[in-house]
Amino acid sequence: MERKDFNTWLESLSSAFITLTDSQKNESLDHLISLSGAVQLRHLSNNLETLLKRDFLKLLPLELSFYLLKWLDPPTLLNCCLVCKQWNKVISVCTEVWQEACRSLGWQIDDTIEDTLHWKKIYLKAVRRIKQLQDKEAFETSSLIGHSARVYALYYKDGLLCTVFSVDYSDELDTLVSGSADFTVKVWSLSTGICLNTLTEHTEWVTKVVLQVSHVESVMHKPGDYILLSADKYEIKVWPIGREVNCKCLKTLAVSNDRSICLQPRVQFDGKHIVCASDLGLYQWDFASYDIIRVIRTPDSTNLSLLSLGEVFALLFDSRYLYIMDLRTERVVGRWPLPAYRKSKRGSSFLAGETAWLSGLNGKNDSGLVFATSMPDHSIHLVLWRENG
C-alpha cells in the first residue's frame, strides 16, 4: 500500500475507532493482536511498558513532585524511598514533606532548619518514641525512699520535687499563695513570711492554687495582670492579686450550677485558658470570655483525672494507668501501668513532672520526670522517660 493511501486508510480507521464503545474497542484490539506476528507483538510489548509504567515522579518538575509527595502519609513515603535511587533522591530533598510528617506525630518544628536529612532522622526518632508509648516502653520507674510516715503532698517546679501542699509563688511579686482544708486561700510575702491577705469565699477544701500572668484582656483584667486561681470540689474562683483585705473574686466557674458534678483536684492555667477535669470529662474555659470552649469526653471520666494538658497531648491517669491522649484526635495513644497508690481527695499526693513535651515532642524534651505519687509504704513512686534509642 502506498504511503498516501496508507495514511488515508489509517485516518479513516482512527475516525471509526473513536466512535466505538469501550467493549467494541477492546474486541477490535483483540482481533488485531490475533493477526499480529512476532515483530508486531514485540513492538507492542516495548511501547506498552513505556506507556503504562511511566515514572511520573522522574518526569515531573521538582516543584510538582514535592506537591504530590505532600499528600502521602509518612509510612508510604518511606516505602517510596525504597522504589529506586531516583525516587529516594527526590523524596530526600523535600524538606517540607518530612517536616509535615514530623508535625503529624506531634513533633515541634523549627522551620529555620532546612536540612532534609535532619527531619528524616527526626521523623524516624518520633516514630520510635510514639511506638514506645503505644507498647508501654517509653517510661521507666524509680522510687524515693526515706520518709518514716505517710507523704501527704507533693510539689514539683523547675526540676525540684518537694513535699508541700497546694502552693504557688512569684519571685517578681515577692508573693506565695496557699490553699488549705480550712476553706481559705492565703497570700504571703516571700521575703518577710507575713500573711498579706486571706480569701474566704470557698465552702470546700481548697485543693489547688495557681498564680499566673494573664495574656488576654477582658472587662475584669488586662494582659500583664497577675491572676490567682483557686479550686475546690465544685468551683474555680478567679481573684485579683492585691493587698485589699477580704477582696472579692472576679469570677466563679463551675460545670454545674447545682453542684451535682464534681471537679477533679487539678486545675491548669496558662494565662489564656483554664482547664480542669470533672466527672463528665475535661473542660476548657476561654479566660477572656470565661466561656466553655471545649469538652473532651473521656471513656471513664468519673475515675480519670487530669495531670497536665498541652497543645498536642494530655496526660491523664486513674488508679491503674497513666494515659497519653492525642488532643487532635482525642484518642489515647499510650498508657503506663501504675502500682497501687493512695489517691488523696485533694489531689496533693500526685503530680506531673516536666510537661513541655505535651505541646509537641522535639527530641530533647522527652526526658526527666513524667509522674510522681506517694505510696502506702511512705516512699515516692516515680515514672521517668526512658532514653530514646
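Helices (H or I, at least four residues) and strands (E, at least two) are DSSP runs here, numbered from the N terminus. By that count, the protein has 9 helices and 22 strands, and Ile33 sits in helix 2. Keep in mind that this is a predicted model: local features need pLDDT of at least 70, side-chain atom pairs count only at pLDDT 80 or more, and totals for chains, interfaces and linings use all residues. Residues are numbered from 1 along each chain as its sequence is written, and side-chain values use heavy atoms, with hydrogens and water left out.

**Overall numbers**

- Of the 389 residues in the protein, 41% are buried; buried means under 20% relative accessible area, exposed over 50%, and partly exposed in between (1.4 Å probe, protein chains only).
- The accessible surface comes to about 21,700 Å², and 54% of that belongs to carbon and sulfur atoms; areas come from the Shrake-Rupley method with a 1.4 Å probe, and for residues only the protein chains shown count as cover.
- Among contacts (heavy atoms within 4.5 Å) with a separation of 6 or more, 47% link residues 24 or more positions apart.

**A nonpolar patch on the surface**

- Leu29, Leu32, Ile33, Leu35, Leu41, Leu44 and Leu48 make up a nonpolar surface patch, with about 600 Å² of accessible area together.
- The elements that give two or more residues to this patch are helix 2 (22–35) and helix 3 (38–52), and helix 2 brings the largest share, 4 residues.
- As for the rules, patches take residues with over 30% relative accessible area and no salt bridge, joining like charges within 9 Å and nonpolar side chains (Val, Leu, Ile, Met, Phe, Trp, Tyr) within 5 Å.
- A salt bridge, in turn, is a side-chain nitrogen of Lys or Arg within 4 Å of a carboxyl oxygen of Asp or Glu.
- Ile33 is partly exposed, at a relative accessible area of 38%.

**Helix 8 and its cover**

- Helix 8 (residues 95–104) has Thr95, Val97, Trp98, Gln99, Ala101 and Cys102 buried.
- The cover over those buried residues includes helix 5 (62–69), helix 6 (74–81), helix 7 (85–92) and helix 9 (116–134).
- Just after helix 8 comes Gly106, with a positive phi of about 80°.

- Four strands form an open sheet in the order 4-5-6-7, with antiparallel pairing; two strands pair if DSSP finds at least two bridges between them.
- Strand 4 (167–170) and strand 7 (195–199) are at the edges with a single partner strand each, so one side of each has no neighbour in the sheet.
- Neighbouring strands of this sheet are turned by 15° against each other on average, direction ignored; axes are lines fitted to C-alpha atoms, for helices over the stretch in contact, and angles run from 0 to 180 degrees between N-to-C directions.
- Strand 5 (residues 175–179) and strand 6 (residues 185–189) pair over 5 bridges in the antiparallel sense, and Gly179 stands opposite Val185 in strand 6.
- Strand 18 (residues 321–326) pairs with strand 19 (residues 331–337) over 6 antiparallel bridges, with Val332 in strand 19 as the bridge partner of Met325.

**Around Cys276**

- Cys276 lies in strand 13 (residues 273–278) and counts as buried, at 1% relative accessibility.
- Beyond its neighbours within four places in sequence, Cys276 has contacts that include Ile236, Leu263, Trp285 and Leu306.
- Pro265 is 11 residues from Cys276 along the chain, and their C-alpha atoms are separated by 8.2 Å.
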